[in-house]
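Please walk through this structure with me, one site at a time. Have the sequence and the model open side by side.

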Amino acid sequence: MALNRSFKLNSGHSIPAIGLGTWQSGPNEVKEAVSVALKSGYRHIDAAAVYGNETEVGDGIRSSGVDRKDIFITGKLWNTDHKPVDVENALDTTLKDLQTDYLDLYLIHWPVAFPRSADRFPVDPVTEQISVIDVPISDTWKAMEALVEKGKVRSIGVSNFTREKIEALLKTAVIPPAVNQIEAHAYLQQPDLLEWSKKQNIVTAAYSPLGNNIYNLPRGVDDPEIIALAKSLNKQPAQLLISWAVQRGTVVVPKSVTAQRIKDNFQDFELPQDVFDKISSLDRNTRYNFPIRLGVNIFREHSEETLKKGVEDWKEAQRKSKASS
């Protein structure tokens, strides 16, 4: 039986501990996934403009029959809309697509700005690189705060922000960020950022809690020790990792489009301390989701040489793709 836990936000609202992630969920799949999740007891749906499926997410919410007021919906501002003049229009598009008149939580998706464009990743035709521009986060945040004042958003937050980025934002913010959504799982636990965030009364939300299967790298959910621990408790590896994530104090948004897996992922439980500690000892500091093609040292983990090579490799891959099409 699901524990239906939640976390109190610094805005005064509460966020359900387990939500359904919708990243990489196809348009023909996500409507049913969202509907199944809500009918199965989920009350938190994690969406984003860049996922390209918000209309179907909205259809799934509507078809579930669950009252909107009982659902916590998270949306995210994409990089092309960081200029203050574009923020509200971007939200309005999201609200229209999701078929709602407010969001429970709106996040700045990445601390990186692109020029306003219909392309999600606008490319400079001269440099052949993805265009990155300088828009101060403090300016974008002020526009986000205005959305709260207007009642279009109940809480605001950030995503993929480091401690340093949040500290800089807090110097000018009137409304502090309620949430920082980051990649976090057994192989990338980020304990220092998590503990610092708790002291700041900022809730951490974990995406890719089972690992990420698009980079062909080992995932926590496939770790032999995780599998053995789950078996010893008569649980599934995914249930073990989701429960561990909530127990360490993070919101978690596992993604699935398989009905039974969606239902199973919602069945969280309290881990014995020894099992919790064993999972906590598996940290490898392995980050899956770093968009090196942007050439921006978002997490301060790469050298300039590595960044430049990543950009050049991406540019070469794009040239080859165009030549073969």
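Aspartate 46 touches Leu20, Gly21, Thr22, Tyr51, Thr74, Lys76, Gln181 and Val253, leaving out residues up to four places away in sequence. Contact here means heavy atoms within 4.5 Å. This is a predicted model, in which local features need pLDDT of at least 70 and side-chain atom pairs count only at pLDDT 80 or more, while totals for chains, interfaces and linings use all residues. Residues are numbered from 1 along each chain as its sequence is written, and side-chain values use heavy atoms, without hydrogens and water.

Aspartate 46 sits in strand β4, residues 44–46. Strands (E, at least two residues) and helices (H or I, at least four) are DSSP runs, numbered from the N terminus. Is aspartate 46 buried or exposed? Its relative accessibility is 3%, so aspartate 46 counts as buried. Buried means under 20% relative accessible area, exposed over 50%, and partly exposed in between, with a 1.4 Å probe and protein chains only. The side chain of aspartate 46 also makes a polar contact of 3.0 Å with the side chain of glutamine 181. Such a contact is a pair of N or O atoms within 3.5 Å; within protein, one must be able to donate a hydrogen and the other to accept it, and residues adjacent in sequence count only if both atoms are side-chain atoms.

Now turn to serine 64, in helix α2 (residues 54–64). Serine 64 counts as buried because its relative accessibility is 9%. A polar atom of its side chain lies 2.7 Å from the backbone oxygen of isoleucine 61. The backbone nitrogen of valine 66 is 3.1 Å from a polar atom of the serine 64 side chain. Beyond its neighbours within four places in sequence, serine 64 is in contact with Ser35, Leu38 and Lys39.

Helix α4 comes next. Its buried residues are Ile137, Thr140, Trp141, Ala143, Met144, Glu145 and Leu147. They pack against β5 (72–77), α3 (84–98), β6 (103–108), β7 (153–159) and α5 (163–170). Glycine 151 follows α4 and has a positive phi, near 80°.

How do α3 and α4 meet? Their axes come within 8 Å and cross at roughly 40°. Axes are lines fitted to C-alpha atoms, for helices over the stretch in contact, and angles run from 0 to 180 degrees between N-to-C directions. The contact is made by Pro84, Val87, Glu88 and Leu91 of α3 and by Asp139, Thr140, Ala143, Met144 and Leu147 of α4.
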